[in-house]
Amino acid sequence: MILQLNHLLRKSSGASAQEVIDTLQAMLAEGHLEQSQLASLRVHLDWIQYKQNFREPVTVVPGTNERGDRLPFMEVHVDVRQVTPGTLRDLMLRAVVQAQPGPGHLPATEGQADRLPLEEFQSFRSSLAWQFNRLYWERLADWELFTGKGYEEALPGGKSDANHPGAVADGVADFWTLLRDLEAKKQLPPEVFVLEIGVGMGTRAGLWLDRFRDLDRERSTNYYPRIRFLLGDYSPATLERSRAAVASHADQCSFLVLDALNPMLTLSFLRHKILHI
């Protein structure tokens, strides 16, 4: 069994790694798991940042063969934030029972009476969830009007870690060093393309450009006029809002509706030209 810690557990966490191991060993002893299942099992311990989410505390990921028949499950995901003390065994047992192999579909167990599948299992990109995601970004202004707050306020802590000034400054310094090395080798292009995917309100892009311009002036390198900063996002509404954050760098910026899963659809004309993403 592989136990993958996707979160540094704290004493306040609802489920510890040891409790997960003890629970699985008890289920093996009680006959709810086979030795072969346990040997090939991968268990992920997660901490879902959003307090309100649609994920269950314990999720078992089933597999299928080429005929669509269920195979023994291989992965178990435990959201340690949701699991309260004393509930892990029942949650784990329920998830495991529901994931036991059956011909082509989940077996009809009592635990599934509260479930209504909305669609067959498929790629996330073609799922209802992705359609909802697209609708959210298309109607972002309506969502913010209804909730009375900007979407960044809905993030854990009300802000994005990507906008930390220290991290931005470190990234700018590393990129400046790359440009200096390219210039020393006479390989620095006349236009330096930088791309950010998922710009949000443009806060990070503005901080990055501010810091790069200041550093360029401090070191008298004259790289800043060469910068072509591409702000890419799935949502046209988000792109429009990001303009204010980079208003003082308007000559350096372009705004692109960009699908991160197929960026070449938009950026094929810049193949091999983007130096930093």
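Author: The following account begins with the chain as a whole and then turns to the salt bridges.

The model is predicted, and local features need pLDDT of at least 70, side-chain atom pairs count only at pLDDT 80 or more, while totals for chains, interfaces and linings use all residues. Residues are numbered from 1 along each chain as its sequence is written, and side-chain values use heavy atoms, with hydrogens and water left out.

The chain contains nine helices and eight strands; these are DSSP runs numbered from the N terminus, with helices (H or I) of at least four residues and strands (E) of at least two. Of its 277 residues, 33% count as buried. Buried means under 20% relative accessible area, exposed means over 50%, and partly exposed lies in between, with a 1.4 Å probe and protein chains only. Among contacts with a separation of 6 or more, 66% are between residues 24 or more positions apart, a contact being heavy atoms within 4.5 Å.

The structure holds 12 salt bridges. The term denotes a side-chain nitrogen of Lys or Arg within 4 Å of a carboxyl oxygen of Asp or Glu.

One of them joins the side chains of Glu-191 and Arg-228, at 3.2 Å from N to O. This pair links distant parts of the chain, 37 residues apart: Glu-191 belongs to the loop between helix 6 (165-184) and strand 5 (192-197), and Arg-228 to strand 6 (residues 227-233). Glu-191 counts as partly exposed because its relative accessibility is 36%. Arg-228 is also partly exposed, with a relative accessible area of 24%.

Another salt bridge, between the side chains of Arg-213 and Asp-210, spans 3.5 Å from N to O. Both residues lie in helix 7 (residues 203-218), where they are three residues apart, about one turn of the helix. Arg-213 has 18% relative accessibility and therefore counts as buried, whereas Asp-210, at 28%, counts as partly exposed.

A further salt bridge connects the side chains of Arg-89 and Asp-90, at 3.9 Å from N to O. Arg-89 is partly exposed at 34% relative accessibility, while Asp-90 is exposed because its relative accessible area is 52%. These two residues also take part in a network of salt bridges that links them with Glu-30.
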